[in-house]
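Take a look at the sequence and the structure below. The text then goes through the model part by part.

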Amino acid sequence: SLGVDLICTTKKPSLIPLVILGILLLGMLYFSVANVFHLPFAILFSKKITVIFWAISLLLFLIYGLDIILEGIKAFIVGNSTLYTLANLSIIGSTIYGSWMLYKFYKGINTYLYIYLEIAMFLIYFLKICQYINKN
């Protein structure tokens, strides 16, 4: 299928960025759970630091997964809608909505911004892991 071909024809990802972004994902998960369950260190982050942290994390993941997003858009335009294309639409949709929630959070409206941003980041991360496994 086209989705498998797209994954196999992209360049092989390096293990170092996967490890670094995996550690960043674990930190983000702790931060999300810490605010819900009032775990230690959650109160140390102000609203401004939280917004900056999530925005930089999202930007890093989008830059790292840019090839995935572009390939998914190309496949969608051509008309080859596969599960891989659906994952890309999910990344784009959750990024747009999560960015809107991040803005609302910054303006003082309590939202669950973590859920939407984490979806985009996890999808990129798991697709990159699949690329790494397929190439090795």
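Helix α4 (residues 66-78) gives the most to a nonpolar patch, with 5 residues; helices here are DSSP runs of H or I of at least four residues, strands are runs of E of at least two, and both are numbered from the N terminus. This is a predicted model, in which local features need pLDDT of at least 70 and side-chain atom pairs count only at pLDDT 80 or more, while totals for chains, interfaces and linings use all residues. Residues are numbered from 1 along each chain as its sequence is written, and side-chain values use heavy atoms, with hydrogens and water left out.

The patch is formed on the surface by L66, L70, I73, F76, I77 and L89, which together have about 560 Å² of accessible area. Accessible areas come from the Shrake-Rupley method with a 1.4 Å probe, and for residues only the protein chains shown count as cover. L70 is found in helix α4. L70 counts as partly exposed because its relative accessibility is 42%, where buried means under 20%, exposed over 50%, and partly exposed in between (1.4 Å probe, protein chains only).

L29 lies in helix α2 (residues 15-37). L29 is also partly exposed, because its relative accessible area is 31%. Not counting residues up to four places away in sequence, L29 touches E118 and F122 (contact means heavy atoms within 4.5 Å).

The chain has 6 helices and 0 strands. Of its 136 residues, 37% count as buried.

Notes
Patch = residues over 30% accessible without salt bridge, like charges linked within 9 Å, V, L, I, M, F, W, Y side chains within 5 Å. Salt bridge = Lys/Arg side-chain N within 4 Å of Asp/Glu carboxyl O.
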